[in-house]
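Subject: Handover of a structure for your review

Dear colleague,

Please find below the structure that I am passing on to you.

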Amino acid sequence: ESRTTVMLQRIPFAFSLNEVLHWLDAEGFAGRYDATHMPLKRHGRGNIGYMFVNFVEPQMASECIRVFNGHTFGTGNTSRTCVAAYSKLQGKDSLPQGL
């Protein structure tokens with residue numbers, strides 16, 4: 001497997017990029033990704049429910065999918081169950097400037 005870019009879906013809209021990166025880092029992925037992109041709502045605050053993470057090694061991408069697919073973000077009414085999968089966009093250069 002050579003894919004390195006993961007799409008994390010069903011992220012709570014109120015979560016910032018830094019909050020999701022904190023979750024990634026807490027699960028052992030600190031320093032293992034080199035690009036991220038979280039689209040934001042045009043008007044108002046918040047994201048639109050998904051983000052991309054590019055990992056420096058393909059095995060880290062597969063591990064991220066294993067760890068985060070089915071992971072619950074948030075609590076109470078704001079909780080959402082993450083869907084993690086390989087992105088159709090692959091590689092750091094395919095993502096808009098981020099991180």
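The notes that follow describe the core, the aromatic residues, the charged residues and two further sites.

Please keep in mind throughout that this is a predicted model.

The nonpolar core

The largest nonpolar core has 22 residues, and those touching the most other members are Leu8, Leu24, Phe29, Phe55 and Phe68. At least two residues of this core come from each of strand 1 (5-9), helix 1 (17-29), strand 3 (50-55) and helix 2 (58-68). Helix 2 gives the most, with six residues.

Apart from its neighbours within four places in sequence, leucine 24 is in contact with Phe29, Ala30, Tyr33, Val53, Phe55, Cys64 and Phe68.

The aromatic residues

Seven aromatic pairs are found when the whole structure is searched. A pair of aromatic rings is described by two values, the distance of the centres and the angle of the planes. For tyrosine 33 and phenylalanine 55, the ring centres are 6.3 Å apart and the planes stand at 85 degrees; an angle over 60 counts as edge-to-face, so this pair is edge-to-face. The pair links distant parts of the chain, since tyrosine 33 belongs to strand 2 (residues 33-37) and phenylalanine 55 to strand 3, 22 residues apart. Are these two residues, tyrosine 33 and phenylalanine 55, buried or exposed? Both of them are buried.

Tyrosine 33 and phenylalanine 55 also belong to one aromatic cluster, which is formed by Phe15, Trp23, Phe29, Tyr33, Phe55, Phe68 and Phe73.

The salt bridges

How many salt bridges does a search of the whole structure find? The search finds two.

Arginine 3, at 34% relative accessibility, counts as partly exposed.

Glutamate 63 and arginine 66 also meet through their side chains in a salt bridge, at 2.6 Å from N to O. These two residues are separated by about one helical turn, because glutamate 63 and arginine 66 are three residues apart in helix 2. Glutamate 63 is partly exposed, with a relative accessible area of 28%, whereas arginine 66 counts as exposed at 57% relative accessibility.

A buried arginine

Arginine 80 lies in strand 5 (residues 80-81). Arginine 80 is buried but has no salt bridge. Which side chain of opposite charge is nearest to arginine 80, and how far away is it? The nearest is glutamate 19, at 13 Å; a salt bridge requires the nitrogen and oxygen atoms to lie within 4 Å. The side chain of arginine 80 does, however, reach the backbone oxygen of isoleucine 11 at 3.3 Å. With neighbours within four places in sequence left aside, arginine 80 is in contact with Arg10, Ile11, Pro12, Phe13, His71, Thr72 and Phe73.

Arginine 10 is in the loop between strand 1 and helix 1. Its phi angle is near 70 degrees, which is a positive value in a residue other than glycine. Arginine 10 is partly exposed, with a relative accessible area of 38%.

Phenylalanine 13 is likewise in the loop between strand 1 and helix 1. Phenylalanine 13 is partly exposed, its relative accessible area being 39%. Beyond its neighbours within four places in sequence, phenylalanine 13 is in contact with Lys41, Gly46, Asn47, Ile48, Gly49 and Arg80. Between phenylalanine 13 and threonine 72 there are 59 residues of sequence separation, and their C-alpha atoms are 14 Å apart in space.

The segment after strand 6

Proline 96 is placed in the segment after strand 6 (83-86). This proline is partly exposed, with a relative accessible area of 42%. Where does proline 96 make contact, leaving aside its neighbours within four places in sequence? Proline 96 is in contact with Thr36 and His37. Proline 96 and lysine 41 are 55 residues apart in sequence, and the distance between their C-alpha atoms is 16 Å.

Yours sincerely,

A colleague

Terms used:
Residues numbered from 1 in each chain as written. Predicted model: local features only at pLDDT ≥ 70, side-chain atom pairs only at ≥ 80, totals over all residues. Heavy atoms only, no water. Core = buried A, V, L, I, M, F, W, Y, C linked by side-chain atoms within 4.5 Å. Buried < 20%, exposed > 50% of the residue type's maximum accessible area, 1.4 Å probe, protein only. Helix = DSSP H or I, 4+ residues; strand = E, 2+ residues; numbered from the N terminus. Contact = heavy atoms within 4.5 Å. Lys, Arg positive; Asp, Glu negative; His and termini not counted. Polar contact = N/O pair within 3.5 Å; in protein donor to acceptor, adjacent residues only side chain to side chain. Phe/Tyr/Trp six-rings, centres within 6.5 Å; stacked < 30°, edge-to-face > 60°.
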